[in-house]
Amino acid sequence: MNSIDWLKQPWPWYIAGPLIGLMVPLLLIIGNKSFGISSSLRHICAACIPAKIPFFTYDWRKETWNLFFAAGILLGGCITALFLADPQPVQVNPKLVTELAQYGIHDHTGLLPVEIFNWSALFTLKGFFMTVAGGFLVGFGTRYAGGCTSGHSIMGLSTLQWPSLVATMSFMAGGFLVANFILPLILNG
Amino acid sequence: MDENTDFEVRSLDVNHDNPVIKHRWTYHLKFLLAGLLFGIILVKSEVVSWFRIQEMFRLQSFHMFGVIGSAVVTGMLSVWLIKKYKVKTLSGEPIVFIAKKFSKGNIYGGLLFGFGWAITGACPGPLFAQIGTGFTVVIITLLSAIAGTWVYGKIRASLPH
């Protein structure tokens, strides 16, 4: 197997995790920047729709680095899809496969279940809820918490901040609740 | 100068850069490249996969816990080394750490984000990466997230912190 084929396989946690962890010192060393992504959503609001709201009234241009970082992530997605894509579909746990089949989800080849997340599904109640309400909760929740998994769980915990531990536990609690008790109701309905 | 308690805009006071000097675009390129690297890692490690997130919340796979856990350990070690050896930035500035203040938002907002994470299978970083891989409908998820951020900003004075 040549090295490109090897790279195309899914990367195991013990490779991916440390690499992600190294983003912390990387950003600190290249410019004293605190690793975090949800703040980019705030800067976008400040740049495009500040509407005289105090929370968005600051010099967002000083945080341009964060927007370039986010743009880089998007490009990274492009490059991976074009050159490093895994030829095999994601290997999903059989128990999950069974559960998802109940909801009409059979296609595991994409990053997300195409049966739910597609342009025409947006016009169904289920699709609309999953995409729009889900997205809204991500944006609202991360701002209210003051960070996402990058800012709190990775950066915050790396710098031993207990508010980040509280936030991380809340992320997990919320996710466990919805994934196990609410999502089945939504996906079945 | 007023004490800056809003850490996300901290660059206003700890950034050594003279506000009058405008950076050449090459300054920002390094952050684009860092993001590129991060995006590749996110996609290749399947952190951006809705299916992997569902497995995580159902305790059906160790993978995501391994990723987050080893990332945190690596981050902790790096920060410790930076502090111990007083590592400086590329431009020779000392590296500064700002303490995050606790707020009830850590709990309430955290739970709400958790709900959204389980539904969409993504946190903000993966949203950008997913769009990059060609999953265009996620643009709507991202726009909804921006809307959520905006609404938070508008009503935050009436929320418990």
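## Terms and model

Two residues are said to be in contact if their C-beta atoms, placed from the backbone, lie within 7 Å. With contact understood in this way, the structure can be described chain by chain and then across the interface. It is a predicted model, and the predictor gives the complex an ipTM of 0.94 together with a pTM of 0.92.

## Chain A

The secondary structure of chain A consists of 9 helices and 0 strands, so that, read from the N terminus on, its elements follow the order α-α-α-α-α-α-α-α-α. When the chain is laid along its principal axes, its C-alpha atoms fill a box of roughly 50 × 45 × 30 Å. Of the 189 residues in chain A, 49% are buried, and among its contacts between residues at least 6 apart in sequence, 47% join residues that are at least 24 apart.

Although 18 residues separate Arg61(A) from His43(A) in sequence, the C-alpha atoms of Arg61(A) and His43(A) are 8.4 Å apart in space.

## Chain B

Chain B contains 7 helices and 0 strands, and from the N terminus on its elements run α-α-α-α-α-α-α. Of its 161 residues, 48% count as buried. Among contacts in chain B between residues at least 6 apart in sequence, those that join residues at least 24 apart make up 46%.

The confidence of the prediction in this chain can be followed from the whole down to single stretches. The mean pLDDT of chain B is 88, and 85% of its residues reach 70 or more. Among the elements of chain B, helix H1 (residues 11-14) has the lowest mean pLDDT, at 46, while helix H5 (residues 105-120) has the highest, at 97. Over residues 12-21 of chain B the pLDDT stays under 50, and for this stretch the model has 9 contacts beyond four places in sequence.

## Where the chains meet

The contact between the chains takes 110 residues from chain A and 106 residues from chain B. On the side of chain A that touches chain B, the elements giving two or more residues include helix H2 (13-21), helix H7 (125-145) and helix H9 (162-188) of chain A, but the largest share, 16 residues, comes from H5(A). Sorted by class, this side of chain A has 69 nonpolar, 35 polar and 6 charged residues.

## A helix pair across the interface

One pairing between the chains joins H8(A) to helix H4 (residues 63-84) of chain B, and these two helices pack at an angle of about 35 degrees with their axes 7 Å apart. The crossing of H8(A) and H4(B) is right-handed. From H8(A) the contact is made by Ser153(A), Ile154(A), Met155(A), Leu157(A) and Ser158(A), and from H4(B) the contributing residues are Ile68(B), Ala71(B), Val72(B), Gly75(B), Met76(B), Ser78(B) and Val79(B). By class, the contact of H8(A) with H4(B) has 8 nonpolar and 4 polar residues, with no charged residues.

How values were computed:
Residues numbered from 1 in each chain as written. Chains lettered and ligands numbered in written order. Predicted model: local features only at pLDDT ≥ 70, side-chain atom pairs only at ≥ 80, totals over all residues. Helix = DSSP H or I, 4+ residues; strand = E, 2+ residues; numbered from the N terminus. Nonpolar A, V, L, I, M, F, W, Y, C, P; charged D, E, K, R; others polar. Buried ≥ 20, exposed ≤ 12 C-beta atoms within 10 Å, placed from the backbone. Axes fitted to C-alpha atoms, helices over the stretch in contact; angles between N-to-C directions. Left-handed = near helix turned anticlockwise from the far one by under 90°. pLDDT = per-residue confidence, 0-100.
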